[in-house]
Amino acid sequence: MTPLTFRCPKTGKAIDSGIEIDEDSIPTVLTTAVTVACPHCGERHDIPVSEAVADKAA
Ligand SMILES: [Zn+2]
């Protein structure tokens, strides 16, 4: 299982989404946007899973 870590577009800080997905499932959910409650700026961000995966690989 791979934890999805997003990045806050306002602060640039990492957001632990608390979501883990099976690596085999990643291609099927890449275009799905996940709404995460951001602990850094207090807003909610709709971020596609593809950005979380890209951030992890970077
Ligand atoms: Zn934020």
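**Zinc site and salt bridge**

I began with H45, which is buried, with a relative accessible area of 7% (buried means under 20%, exposed over 50%, partly exposed in between, with a 1.4 Å probe and protein chains only). I kept in mind that this is a predicted model, in which local features need pLDDT of at least 70 and side-chain atom pairs count only at pLDDT 80 or more, while totals for chains, interfaces and linings use all residues. Residues are numbered from 1 along each chain as its sequence is written, and side-chain values use heavy atoms, with hydrogens and water left out.

I then looked up the zinc ion, and found it coordinated by H45 (NE2) together with C8 (SG), C38 (SG) and C41 (SG), at 2.1 to 2.4 Å; donors are N, O and S atoms within 2.8 Å of the metal (3.2 Å for Na, K and Ca), and sites may look incomplete because water is not among the atoms. C8 sits in the loop between β1 (2–7) and β2 (14–21) and H45 in strand β4 (residues 44–48), 37 residues apart, where strands are DSSP runs (E, at least two residues) numbered from the N terminus. I noted that C8 is buried too, at 3% relative accessible area.

Last, I checked the salt bridges (a side-chain nitrogen of Lys or Arg within 4 Å of a carboxyl oxygen of Asp or Glu), and the count comes to 1. E43 pairs with K10, the closest N and O atoms being 2.5 Å apart. E43 is partly exposed at 35%, whereas K10 is exposed at 55%.

Key: Helix = DSSP H or I, 4+ residues; strand = E, 2+ residues; numbered from the N terminus.
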